[in-house]
Amino acid sequence: MPDRLSYDAIVVGGGPAGTAAALVMARGGLSVIQIERGRFAGAKNIFGGVFYTHALADVLPDYWERKPPFERPVTEQGYWMLSPDSALRIMHKSEQYRQEPAGAYTVLRARFDPWFAAQAVEAGALLITRTTVTRLLKDARGFVIGVDTDRPDGQVYAPIVIIAEGVNNLLTRQAGLIASDLPPRYVALSVKEYLSMPPKELQARFGLAGPREGVAIDIFGDATLGLPGTAFLYTDQAGISIGVGMLLEEFVCHRLRPYDVLARFKNHPVIRPYLEGSESREYGAHLIPEMGYDRMPRLAGNGVMVAGDAAGMVDALHREGTNLAIIAGKAAAETALAAHEQGDFSAAFLSRYRRDLEASFVLKDMKQYRHMTDFLDSTPGFMGTYANLLNDAALRYFTAHGIPKRSMEREIVSLLRERRSFTGIAWDMLKLMRAMRG
Amino acid sequence: MNNGDQPAIPRIWVLIEQQEQQVHPVSWELLGAARRLAADLPGSIVEAVLPGYQVESLAAQVFRYGAERVYLIDESVLAPYRNLPYAVAVSQLVITYQPEIFLIGATTRGRDLAGAIATRVGTGLTADCTELAIDPAGKILAATRPTFGGNLMATILCRRHRPQMATVRPRVLPMPAPLDTGPGDLVRVPFAMCEDDVPVKRLRLIRAEERPNIEYADVIVAGGRGVGGPEGFVLLEELALALGGMVGASRPVVDAGWIDPGHQIGQTGKTVRPKLYIAAGISGAVQHRVGMSGAGVILAINSDPHAPIFQIADLGIVGDLFDVIPEMIRQVKGYSDARQAQL
Amino acid sequence: MHAIVAIKQVPDTSNVRIDPETGTLIREGVPAIINPYDIHAVEAAVQLKEQFGGRVTVITMGPPKAAEALIECIEQGADRAILLTDRKFGGADTLATSYVLAHAIEALNAEWPADIILFGKQAIDGDTAQVGPGVAVRLQIPLITYAIAIESFDPVARTAVVHRRIEQGVEVLQTRLPVLLTVEKEIAPVRRAPLPRMITAARYQPEVWTAETPVAFDPRQIGLKGSPTVVGKAYTPAPRAGGAIVTVADCGVEAAVARALEVMGILDTVRSSVAASAGVEVA
Ligand SMILES: Cc1cc2nc3c(=O)[nH]c(=O)nc-3n(C[C@H](O)[C@H](O)[C@H](O)COP(=O)(O)OP(=O)(O)OC[C@H]3O[C@@H](n4cnc5c(N)ncnc54)[C@H](O)[C@@H]3O)c2cc1C
Ligand SMILES: Cc1cc2nc3c(=O)[nH]c(=O)nc-3n(C[C@H](O)[C@H](O)[C@H](O)COP(=O)(O)OP(=O)(O)OC[C@H]3O[C@@H](n4cnc5c(N)ncnc54)[C@H](O)[C@@H]3O)c2cc1C
Ligand SMILES: Nc1ncnc2c1ncn2[C@@H]1O[C@H](COP(=O)(O)O)[C@@H](O)[C@H]1O
């Protein structure tokens with residue numbers, strides 16, 4: 001076939017995993033075609049908003065000179081536990097967070113992803129947008145040898161395909177790397193809204209000294225009606241990213257509509273004042289794979305590798321995903337480079353991709369938190385009970401009632417008992433520790 | 001011409017659009033506007049340009065709508081409309097008489113012609129105006145038009161170039177009543193262009209079936225996505241019939257093929273100004289509103305109390321249109337039957 | 001055959017929002033798209049090329065970002081793209097725009113005279129529909145606006161037959177070539193670009209023309225200077241004030257309708273139409 005389109009490698013997806021893979025392979029001298037279905041890379045990608053720079057530095061050491069479109073450095077972060085009318089806040093602020101470039105920045109994907117993709121294009125990758133990969137092409141031996149797209153004459157060939165398609169893992173399934181669709185108990189659904197606000201106003205409300213300060217707050221308890229899940233509130237350059245996420249199963253079981261949960265959260269008496277007068281700019285829902293280490297797909301097959309959300313590489317507890325995706329994209333790319341060198345694209349050879357990840361934080365962290373989802377699932381009252389409890393206790397503690405402090409303490413303890421037996425609490429804590437330690 | 005010592009008379013011109021000896025009503029609307037502008041522009045006079053073939057008989061009407069003078073360009077080369085002869089004929093006239101303001105209807109023909117004339121005479125042209133006024137400070141035309149899909153209004157000025165040209169869509173301006181004045185000054189303008197000089201020939205006209213001229217209906221019963229399907233329009237049709245009106249529609253229902261495009265009202269459809277506009281199952285997006293907010297009274301029927309249409313409706317009924325419309329038909333019919341019996 | 005298509009990049013007006021405080025347009029975050037009619041003009045040109053061979057050149061005057069729209073035309077099958085971009089072109093109204101495009105087209109004609117020049121019927125950001133007619137006047141070539149079909153096209157005999165939509169129906173016009181058409185969407189349905197074209201386009205760099213090179217434009221006729229019209233002020237339209245609301249759930253459908261008929265004077269309408277059909281004058 002004379003004029004069939006052939007490249008050294010095909011990357012499916014223009015998210016962080018795909019772009020990291022395309023960038024590293026292009027720099028390594030491969031001819032790379034990266035295919036993204038959106039109008040541009042990042043067009044429809046949404047996430048909460050904290051981006052970790054260590055991974056970026058790993059693939060683009062000079063990223064800072066390339067002026068990435070970061071929103072604000074995260075100079076203060078922590079947790080808020082919400083009860084229906086109060087909040088207990090644990091925030092951490094440190095001079096350590098203030099060096100440039102910072103370890104974490106808030107980011108809007110519609111700005112960041114196109115910038116990142118442009119770096120790969122500059123390195124020589126060919127980015128094709130508005131094109132969806134519809135299936136993998138295989139040869140008689142079952143090796144993946146290319147992809148088909150939704151365009152006329154849409155077939156492209158390459159000895160290696162890196163799937164970085166995100167959470168909707170159709171191709172990963174087609175490649176036979178994972179058996180079935182994710183069950184609702186291992187997928188979280190998150191809705192996010194981006195609200196714009198003049199920077200001055202934003203800074204005043206969140207106590208920020210200027211554009212080089214920002215906060216990232218993760219919120220539990222009443223934000224998700226006490227159900228397992230988290231909410232977030234992050235400051236962007238001229239706006240706020242706010243959202244809630246829960247396991248899909250929770251939405252289904254409790255017949256909750258995601259947008260209603262977000263609307264309720266935005267209306268919480270502690271939250272509302274922060275948002276007043278802002279203007280809604282962007283609204284969207286996205287899934288997060290929370291299948292954990294034990295249910296991840298195989299990472300490589302003959303002629304194919306999978307990276308990022310498509311492979312379930314998310315650390316939900318620390319809201320990390322983009323950094324795992326980038327590191328995985330890079331590791332897959334390095335394996336692809338080696339495969340080209342050896343001329344071996346078999347699953348056996350490509351398995352070194354997984355070995356590299358096992359050695360990095362990506363799979364180490366995944367392994368450590370492997371029981372986290374199950375823990376929350378088996379302790380459904382955890383978030384609500386403790387968030388309310390802590391708030392009630394705080395109220396007793398901080399209010400001068402004119403009663404001896406000793407009886408107040410007793411009161412707090414009995415509050416605790418009313419909601420959960422001591423053995424119950426002990427059991428919860430034990431399970432939590434186990435889930436955290438892996 | 002007017003470069004003598006005498007200050008030039010500011011002439012306000014209107015292009016009369018005719019088709020088969022019928023004047024397009026937008027020309028009367030423009031004459032009405034020209035008269036209002038003249039009142040604010042001291043010493044100015046309203047004049048009309050009437051190009052065509054065998055159209056002299058129309059001049060009498062033009063005078064009645066307030067033109068003090070009519071420039072008649074009557075030549076066979078102008079028989080079927082073509083851009084070139086019309087543009088050349090009118091541009092020559094503009095250059096000769098140097099009007100201050102020149103108004104043209106934003107019809108298919110008007111839009112075809114206005115841009116060509118403006119370029120020929122090298123002046124500014126503001127398209128699709130919804131409001132015309134004389135800027136009191138500079139005594140120049142302030143032509144206001146929607147931009148960005150009706151989200152923003154912009155007032156456009158043309159400070160140094162003449163004429164100040166503007167096009168206005170049919171029905172955006174009110175229809176004036178004809179005056180009781182006698183004939184004015186008819187100026188016959190010769191025009192020498194022969195058919196061989198025209199590069200475009202009209203081979204034939206495939207006539208569309210007579211489309212409903214909803215633009216000039218007094219009562220419109222319009223339906224949107226809330227109507228649910230083509231069947232719903234049967235119901236609206238029945239109400240329209242009972243009220244002696246016509247049926248209108250929002251864009252999505254036209255796009256969905258529930259009703260013909262000729263019924264579409266709004267930015268990309270028709271502008272209407274009926275005495276009564278009933279909006280049933282229409283949310284009231286800005287693109288729809290720009291086409292109907294000139295209505296005399298607006299009645300909105302919508303099940304969603306927060307539908308934006310209620311912000312502009314004189315009366316809103318919050319309810320299911322499938323309850324409300326049949327009841328309305330019942331009451332209207334009951335009333336008209338009673339009236340009929342009375343008469 | 002050489003076809004030249006003028007295209008414009010416009011904000012997607014279905015996504016435009018207004019700053020409620022200042023009344024100005026929020027352009028940030030509004031996706032820019034190719035003017036919807038213009039892409040059909042490109043498609044029509046590409047179809048002529050497929051039939052007669054030759055070249056399709058697309059041009060636009062706009063900010064550097066407008067290159068994106070040109071790339072999309074290359075995807076659709078155009079061969080060459082020219083971006084007229086210069087601060088000096090900024091602030092142009094339709095008169096100045098038509099000058100720049102006409103002057104650029106003359107330069108292209110000098111290399112390979114165009115047989116047909118295509119424009120969209122109007123740009124959705126301004127809806128003026130003036131630039132096409134203006135360019136035809138400047139180039140002194142025949143103009144056919146609102147074209148919906150090219151029935152026949154003969155680059156040798158130098159004639160074409162074009163269908164044009166008018167209020168009364170469809171006019172069938174014969175024209176000399178070169179001709180300038182402004183087109184409706186019906187002129188040609190846009191086909192999905194094949195992958196190889198996408199790849200060609202992804203690597204394509206439009207030629208950039210400034211106010212001086214490779215063609216010199218008359219500085220008095222471009223940009224703000226060349227524009228007779230200026231925007232005096234811009235504001236959000238004052239909404240018509242809403243009136244009373246009756247809720248069926250509260251008062252029942254019969255009472256709600258009765259109230260509406262009364263308040264709106266609808267029965268008066270009925271009265272006069274009944275009277276009219278009975279041939280009676282109503283006082
Ligand atoms: C609400 C929310 C909050 C989050 N918060 C954080 C956070 O604060 N910090 C953090 O680091 N991570 C966070 N994450 C996780 C993070 O967003 C993901 O882990 C990360 O985006 C994964 O990158 P990826 O490249 O694997 O997938 P994606 O970013 O999803 O990219 C996949 C791309 O592939 C394209 N695509 C898919 N299928 C096809 C196809 N067939 N053909 C062509 N293109 C295709 C898609 O359009 C998309 O552009 C959050 C996620 C969500 C949903
Ligand atoms: C460039 C551009 C140009 C446009 N031009 C036009 C134009 O010319 N004309 C135009 O109309 N639109 C135009 N639009 C589209 C416009 O933006 C809106 O999308 C459109 O007007 C909405 O139509 P709708 O009200 O019928 O539908 P929707 O917005 O879906 O509203 C349906 C309404 O029906 C109500 N409803 C549903 N069921 C019932 C029931 N049983 N009883 C009572 N109420 C019910 C709902 O509450 C809702 O309010 C244009 C858009 C763009 C971007
Ligand atoms: N800046 C521009 N560059 C190229 N073509 C343009 C430009 N502005 C308008 N056009 C063309 O002129 C047509 C009509 O535009 P308008 O007169 O602005 O409604 C558009 O559909 C385009 O084909």
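**Ligand surroundings and chain contacts in the predicted model**

In ligand 1, an oxygen atom is placed 3.2 Å from an N or O atom of the A:Arg37 side chain. This distance, like the others reported here, is computed from a predicted model.

The arrangement of the chains was examined next. Two pairs of chains are in contact, and of these 2 pairs the one formed by chains B and C shares the most contacts. Chains A and B, by contrast, do not touch, and 17 Å separates their nearest C-alpha atoms.

The contact between chains B and C involves 83 residues from chain B and 82 residues from chain C. About 6,800 Å² is buried between the two chains, and carbon and sulfur atoms account for 62% of this area. On the side of chain B, the residues that lose the most area to chain C are B:Arg111, B:Phe148 and B:Leu315, which together make up 10% of what that side buries.

The rule identifies 4 salt bridges between chain B and chain C. C:Glu151 forms a salt bridge with B:Arg204, in which the closest N and O atoms are 3.4 Å apart. Polar contacts across the interface of chains B and C amount to 25 residue pairs, with both residues of each pair at pLDDT 80 or more. Helix H8 of chain B, residues 321-342, supplies 11 residues to the side of chain B that touches chain C, the largest share of that side. Sorted by class, this side of chain B consists of 38 nonpolar, 28 polar and 17 charged residues.

Strand pairing also links the two chains. Within it, B:Val318 has C:Thr247 of S15(C) as its bridge partner.

Ligand 2 is located between chains B and C. Of the 27 residues around ligand 2, those that come nearest are B:Arg225, B:Ser250, B:Thr268, B:Ser283 and B:Asn302. Several polar backbone atoms of chain B approach this ligand. One of them, in B:Gln267, is 3.0 Å from an oxygen atom of ligand 2, and another, in B:Gly281, is 3.1 Å from an oxygen atom of ligand 2. A nitrogen atom of ligand 2 is likewise approached, with a backbone N or O atom of B:Leu321 at 2.8 Å.

Ligand 3 is surrounded by 18 residues, of which C:Ala6, C:Asp38, C:Ala123, C:Thr128 and C:Ala129 are the closest. C:Ala6 also provides a polar backbone atom 2.7 Å from an oxygen atom of ligand 3. Further backbone atoms of chain C are placed around this ligand: a backbone N or O atom of C:Gly120 is 3.0 Å from an oxygen atom of ligand 3, and a polar backbone atom of C:Val131 is 2.9 Å from an oxygen atom of ligand 3.

How values were computed
Residues are numbered from 1 along each chain as its sequence is written. Chains are lettered from A and ligands numbered from 1 in the order in which they are written. This is a predicted model: local features need pLDDT of at least 70, side-chain atom pairs count only at pLDDT 80 or more; totals for chains, interfaces and linings use all residues. Side-chain values use heavy atoms; hydrogens and water are left out. Contact means heavy atoms within 4.5 Å. Buried area is the accessible area (1.4 Å probe) that two parts lose on being put together, summed over both. A salt bridge is a side-chain nitrogen of Lys or Arg within 4 Å of a carboxyl oxygen of Asp or Glu. A polar contact is a pair of N or O atoms within 3.5 Å; within protein, one must be able to donate a hydrogen and the other to accept it, and residues adjacent in sequence count only if both atoms are side-chain atoms. Helices (H or I, at least four residues) and strands (E, at least two) are DSSP runs, numbered from the N terminus. Ala, Val, Leu, Ile, Met, Phe, Trp, Tyr, Cys and Pro count as nonpolar, Asp, Glu, Lys and Arg as charged, and the others, Gly among them, as polar. Two strands pair if DSSP finds at least two bridges between them. A residue is near a molecule or strand if one of its heavy atoms lies within 4 Å of it.
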